[in-house]
Amino acid sequence: MKKLLYPLLAAVALTLLVSCTGSSDVPADLSIVPNPVSMLVGGRGAKASATVRTQVDATLAPEEYVLTIRKGKISITGGSEAGIFWGMQTLAQIQAQCGKKLPGVVIQDKPAFSYRGAHLDCCRHFFTVDEVKQYLDIMALHKLNVFHWHLTEDQGWRAEIKQYPKLTEVGSVRAETLVGHYGSDQYDGTPYGGFYTQDDMREIVRYAADRHITVIPEIEMPGHASAALASYPELGCRGANYPYKVQTTWGIFPEVLCAGNPETITFLENVLDEICDIFPSEYIHIGGDEAPREEWEKCPKCQALMKKMGFKREAELQSYINNVIEQYLAGKDRKIIGWDEILDGGVSQSATVMSWRGAKGGIAAAKMGNDVVMTPNSHFYFDYYQTKGREANGEPLAIGGYLPLSKCYEYDPFDQLGDAEKAHIKGIQANLWTEYIATFDHVQHMILPRIAALAEIAWNPEGRTEYDAFVGRIEKGLLPIYDVRGYKYADYAFKGIE
Ligand SMILES: [Zn+2]
């Protein structure tokens, strides 16, 4: 296999011409997303119905693949089963464009980043196991390999924890939900809830693994904890008698876990025991974002801990929690990843930082020698509007912002970084917060096709084409698949609406 392939790659000129029908008098016009590192077209192709022969070649990078369609045969060689799987996705794009007769082609590709993520907030709105599976299918089609599953929030705790049944009995249901945009002060009067059983979560982990996707669960601490506190109020600075509630509107709430209460640490460790049992991922996401410290300033337990530890700032209490939890998880061979606020009170060298407030947190972390996943809201917050005209263009209500496909495609993950720091950028990720996204059709509208831009940067940031050519490749390479699968993608970019 290899003997045949590499001389071919080296020897055949890139000017060979071919068409989808396999004749050699029409220029090749194969559209693939992401744009492969190397693509050769020419010679006799194969029927789409030909058996696909696969093999692993450990001399390739783990996720690298070589897809060969020649002389009636189709073969995919991967550095691992994952590489073969990504090659299959490319084959699907060729089949979608070319139908029954496939052109002669040799495509070799490998991802630039080992972490290519998509996040889904299942707390502000709940999505069923089947819908989460569809999300994973969309990720697989775009060759993304990390699903960041946001499971706990102010507005709902979604993960069954057997030692703490009230988390789902109480914490998974809010009394009602805000109607319209933040500040509307109108509520729908209808209880809203849902959660995943441990069997559900295991099923998702398996389904993802079948698609070479790792699931990273996120358990938020110490903020975004209203649902946990409504279930177990003794874990809050205001104590067991305070009427904490599962929040019914959006935003940042002052109620956080009490850092000075040893029971808080016990709670988190027990929760993480069960989470680690379900999720085999190396990383566990500990949140860490948007945790106000005003309650810690007034809480006798938190202040006593500060005095005992010699802390000068409340931010150090958050670092304290991070460090205790990091050490606990290290005992289970796990690592922590958290939002860029975990840098505030000082962060250990071994923590990985997810930069969301633009890229600056990630740049700072990389300069300090920490590993980074870039998820800047400037380019990868897919809950933002996609056009300037917003609702006038038919866009559904969104949180705000303005992030057209063209802007996603501009993102440079290495901006402002030197060579030593670039090595710390482990990957990139899109985030989908769902305050204003109540249905899975709407989820699809927000991520498709913007997720294709993320995929292209994650696989081949150097090989990005002109934006118009990229849009053309989505139209030819991906839209036929979106259509067959019935995906409800946004079409602004294809109509030239920005
Ligand atoms: Zn406290």
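How far apart do the C-alpha centres of domain 1 and domain 2 lie? I looked this up in a predicted model, and the C-alpha centres of the two domains are 36 Å apart.

**Entry 1: domains**

I took the bounds from the domain assignment of the chain, which gives domain 1 as 2–109 and domain 2 as 115–495. I then looked at what passes between them. On the domain 1 side, 21 residues are in contact with 25 residues of domain 2. The area that domain 1 and domain 2 bury between them is about 1,900 Å², and 63% of it is on carbon and sulfur atoms.

I traced an open sheet of five strands and noted the order 1-7-4-5-3, with mixed pairing. Which strands stand at the edges? They are strand 1 (38–41) and strand 3 (52–56). Each has a single partner strand, so one side of each is left without a neighbour in the sheet. From one strand to the next I read an average twist of 10°.

Strand 3 pairs with strand 5 (residues 73–78) in the parallel sense, over five bridges. For Arg53 I looked up the bridge partner in strand 5 and found Ser75.

Helix 2 does, and the strands it touches are strand 3, strand 4 (65–70), strand 5 and strand 7 (105–109). The direction of helix 2 makes about 40° with that of strand 4.

**Entry 2: helix 2 and helix 17**

I stayed with helix 2 (residues 81–98) and turned to helix 17 (residues 467–485). Their axes come within 8 Å and cross at roughly 90°.

Which residues make the contact? From helix 2 I listed Ala92, Gln93, Ala96 and Gln97. From helix 17 I listed Lys476, Gly477, Leu478, Pro480 and Ile481. Sorted by class, the contact of helix 2 with helix 17 has five nonpolar, three polar and one charged residues.

**Entry 3: backbone checks**

- The peptide bond from Val33 to Pro34 is cis, with omega near -5°. I place Pro34 in the loop between helix 1 (2–11) and strand 1.
- The peptide bond from Leu448 to Pro449 is also cis, and its omega is near 10°. Pro449 is in the loop that runs between helix 15 (440–447) and helix 16 (450–459).
- His212 is not a glycine, yet its phi is positive, at about 60°. I found His212 in the loop between helix 5 (198–210) and strand 16 (214–218).

Note on methods: Residues are numbered from 1 along each chain as its sequence is written. This is a predicted model: local features need pLDDT of at least 70, side-chain atom pairs count only at pLDDT 80 or more; totals for chains, interfaces and linings use all residues. Side-chain values use heavy atoms; hydrogens and water are left out. Axes are lines fitted to C-alpha atoms, for helices over the stretch in contact, and angles run from 0 to 180 degrees between N-to-C directions. Helices (H or I, at least four residues) and strands (E, at least two) are DSSP runs, numbered from the N terminus. Contact means heavy atoms within 4.5 Å. Ala, Val, Leu, Ile, Met, Phe, Trp, Tyr, Cys and Pro count as nonpolar, Asp, Glu, Lys and Arg as charged, and the others, Gly among them, as polar. Two strands pair if DSSP finds at least two bridges between them. Domain bounds come from an automatic or database domain assignment. Buried area is the accessible area (1.4 Å probe) that two parts lose on being put together, summed over both.
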